[in-house]
Structures are given as structure tokens and as C-alpha cells.
Amino acid sequence: MNTRRAFIKQSGLVLAGTAASSFFSMELLAQMRRPVSPNDQIQVGVIGCKGMGFSDLSSMLKMNEITVVALCDVDETVLEERLSDLQKAGIKKKPKQYKDYRKLLADKDVDVVIIGSPDHWHCLMLTDALKADKDVYCEKPIANSIEEADIMLALTNTSDRIVQIGQWQRSQPHFVDAINFVHSGALGEIRLAKAWAYQGWMKPVPVLPNAPVPKGVDYDMWLGPAPKVPFNANRFHFNFRWFWDYAGGLMTDWGVHLIDYALYGMKAATPLSVMALGGKFAYPDDASETPDTLQTVFEYKDFSILWEHATGIDGGNYGRNHGIAFIGNKGTLVLDRNGWEVIPEKEFLGWGEERPAKMDAVPLKQGEGSGLDLHTRNFIDAVKSRNAAILNAPIQVGYQAALVSHMGNVAYKTGNRVYWNAEEHCFKQAEANALMTTTYHNGWKMPKM
């Protein structure tokens, strides 16, 4: 019991300051796990094992009923590293290894699939997993375009499979408590919600020449439906996030987490219009394509949502490098991964006069525990009960956050204020509509609704 408490405390501390973490102690995990009957086991396969895919698996393995039976990655070095990690975690039976995700999906031993691949693969992998009758835990953002997100939503809604999106803050108790406070009306009328990510740890992506494909890497499979380009280390593994062919930059990487909660707090869906300004201001000559500085305004009927991000600096709003703020007439609630608080507004009675607070302050309520662990537990509970209604981040949650985030990127790319036609589910500008879609390459075909 003491070992388990130590492990949970360690995991929670790590997760409090990061998006999530792959730095779980495999040795502690080995001490935690207990054998269960084969009849009670849920057999998991992972597609994309480098980053969050393996973090998600590590979280699930804290549940004794979870057994990992298959790993899939295009990089043999990554597979070897993860097999070594699993040995340290006390996993005695060596999982099967694949480079082609379709072979993992055809594996009858796999009950549940974790999708941790780059964003441009999510649509194909999720829809193929549904066709293979697998339950799916899919990393965010759900797609790399609005068109793909639409397809994933439609096909998931016609399936009886359990699908959870990896927006794990939906399971973090202090996030839920903060939104309950927002919905209580105590802040008064809320006219603006802000969400932001200032990432001081992000340095320039150095310009590198193209190079031979590393030994053991199936680069054609990594590219998949993306355009055929020579191998470049900048586009591989973690840094794929900063290239439009594979992802949407910080807007979709951190944005789906934080914009999701801005939408949740405001009970909002698609905006009336979107305007985005920014560019490569910090590192104009580095290798990345997506903006390192961006401000995006989403217009709604009675309020606005503002997203902003910047790399290379931590000086975000309210002294926080990331967060969400709900700005009401009586006070402002500020929320991040460390906790939430309420800063009261003060009544103006005249210059030089004491200004009484319009509401009571709420001191910082710190977050506790691992949101990721609670999120994967919620998913497995839904898998076991076959009850998708209990999911904290079903496909609709992932869809809405991805849709709005991609709308922000569309506005940025057009350089104009773009207007949304909710009835027609499209923009009112042709140039913006052209950016909703994705062209698949290299013989891969877009799934059909």
C-alpha cells in the first residue's frame, strides 16, 4: 500500500507540471502489479510508442487487469526501448511487435487500442480500429483537419465501440470543480474567457539538411497519407507538431486541452467568427512552419474566447505559463494544471475611495492526483461496463475542441476574419473552406462516412 501511494504521488507531481509524462517509474510499476485471472484481463495494443502512447499504456498498466499484448511503431529503436521498459515493469510475456498498424488491428488478441501516433494518422487509425471492432483510446487532437474530424465523429457515432479521447483534464477533479463554480453563476455575467500556453522551454528548431532514413525506420509508413518528402530529423518524432503536413502547432497541441475547458465553461460550441494574428516572431529563421506567436479571437453572441500562445517565454496571464480565465462582472476564475482560484472584482466608488470586493475571494485550490490515471480508469470502466455514457471525454468532446482549434488555424492561414455558417457546417468564405479538407497521398484513401 505504501508503494502504491508513493507511486500515485510521484505520478501526480509529474503530471501537475507537464502535458502528461512518460517518466513513470517502471520499477515501481512492477511492485504495484498483481496477477489476475486470464478471464479478467483486458488485452491492449499500442500504435505509436514514442511519447503519449506509452504514457497512456503506463497509466493503464497501473490497473492489474490490463495486459499489453502488442506494440506497433515504425521505429525499431523505439520498440526495443519500450520492450526494455516493460521488462522493468515486470511484464513477463513479451508483446508482439509490428511496424504496420493494420497488422496489429488484425490481431485477435487485441481488445483495446491506444493510438499515440502523429496527428495526421489519427483519422485512418481510429476508423480502421472501429472497423476491426476494437475499443479505442485516441490521443488528441482527434484529427489534422476539420474534414477528418467530421468523418471520425460520424463513424464513431455509428459504432458500438468505446472511444475515449486523451483530453485527460476532463477527469482531473480540480478542473471539474472549477467549471462547477463557473456554472454556478457566482462570477456574474462572463464576457470573456481566455486560454493560453506560454512555453518557455521551447527553443528554435534548428535548420537541418535532409538525410538518409535511419536504420530500422519505415519512413514510408510514418509518412502515410502525408505528402512525400525526403527524410529530415526535424519532422520526425516530437517535432512533427510544428509542420502543417502532420499537425497544427501549439493551437492544436495545447489548444485542444485548454480551449476545450474554455468551451466547457462557457457552454459554447462553434463561434460566429474567428480572427487570428501572429507569426514566426520569436524564431523567424528556424525550421518550423507553425506560428510561434499567435492571438486568436473566437466571437460568440454574448462573449468572446481568446486563445494566445508564445514559445520561448513563460510570462503568461496571471503569472501562469498556461491556463484558462473566466472573466465575470463580479470576479475572475483562473485555472491551470496546478489548481484554481477566484480573484474578486472591486466596486469603484470614486477616485481615492476604498473599493469593496463584489464577491468573496477563493484562495488557490490545488490539484491533486493524476488526471491521466483517472482518465484511463474512466475509459477502462466504460470498456468493462460497455457504457459509453460514463466517458469523461467521448468523441464529441474531442471533436468540438479540435473543430474550434482548427478553425483558429484556418483563420490564421487566410489572414482574414472568417465567418462560420453553422447550418451549412462551413465557412462563408471559399478560401477558408478550401482549408477544411485534407488530400491523402501515397495511395492512402480518406475514410468514407
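**Reading a predicted chain, step by step**

Mentor: In this predicted model, the chain holds 14 helices and 16 strands.

Trainee: What makes the chain as compact as a globular protein of that length?

Mentor: The radius of gyration of the chain is 22 Å, and the globule rule gives 22 Å for 449 residues, so the chain is as compact as a globular protein of that length. Along the principal axes, its C-alpha atoms fill a box of roughly 75 × 55 × 45 Å.

Trainee: Why are β14 and β16 said to stand at the edges of the open sheet?

Mentor: Start with the order of the ten strands, which is β14-β13-β12-β11-β7-β10-β9-β8-β15-β16, with mixed pairing. β14 (362-366) and β16 (426-427) each have a single partner strand, so one side of each is left without a neighbour in the sheet.

Trainee: How do you know that strands β8 and β9 pair, and in which sense do they do so?

Mentor: Two strands pair if at least two bridges are found between them, and β8 (residues 273-279) and β9 (residues 293-299) share seven bridges in the antiparallel sense. Within this pairing, L277 stands opposite Q295 in β9. Helix α11 (residues 255-266) packs on the sheet, where it touches β7, β9, β10, β11 and β12, and its direction makes about 20 degrees with that of β11.

Trainee: Why is Y137 called buried?

Mentor: Buried means under 20% relative accessible area, and Y137 has a relative accessibility of 0%, so Y137 counts as buried. Y137 lies in strand β5 (residues 135-138), and, not counting residues up to four places away in sequence, it touches several residues, among them D56, V113, L372 and F379.

Trainee: Does the same cut-off decide the case of D75, and where is D75 placed, or what makes it buried or exposed?

Mentor: D75 is placed in the loop between β2 (66-72) and α4 (76-88). Its relative accessibility is 7%, which is under the 20% cut-off, so D75 counts as buried. Leaving aside neighbours within four places in sequence, D75 is in contact with G216, V217, F236 and H237.

Trainee: What makes N409 buried or exposed?

Mentor: N409 lies in helix α13, and its relative accessibility is 4%, so by the cut-off of 20% N409 counts as buried. With residues up to four places away in sequence not counted, N409 touches W244, G248, M251 and T252.

Trainee: What makes α7 a mostly covered helix?

Mentor: Nine of the twelve residues of α7 are buried, including I146, A149, M152 and L155. What covers these buried residues includes α6 (122-131), β6 (163-165), α13 (395-414) and β16.

Trainee: How do you know that the span of α7 is close to what is expected?

Mentor: Helix α7 (residues 146-157) reaches 17 Å from its first C-alpha to its last, and this is close to the 16 Å expected at 1.5 Å a residue.

Trainee: What share of the contacts between residues at least 6 apart in sequence joins residues at least 24 apart?

Mentor: The share in this chain is 71%.

Technical notes
Residues numbered from 1 in each chain as written. Predicted model: local features only at pLDDT ≥ 70, side-chain atom pairs only at ≥ 80, totals over all residues. Heavy atoms only, no water. Helix = DSSP H or I, 4+ residues; strand = E, 2+ residues; numbered from the N terminus. Contact = heavy atoms within 4.5 Å. Axes fitted to C-alpha atoms, helices over the stretch in contact; angles between N-to-C directions. Rg over C-alpha atoms; globule rule 2.2 N^0.38 Å. Expected span 1.5 Å × (residues − 1). Buried < 20%, exposed > 50% of the residue type's maximum accessible area, 1.4 Å probe, protein only.
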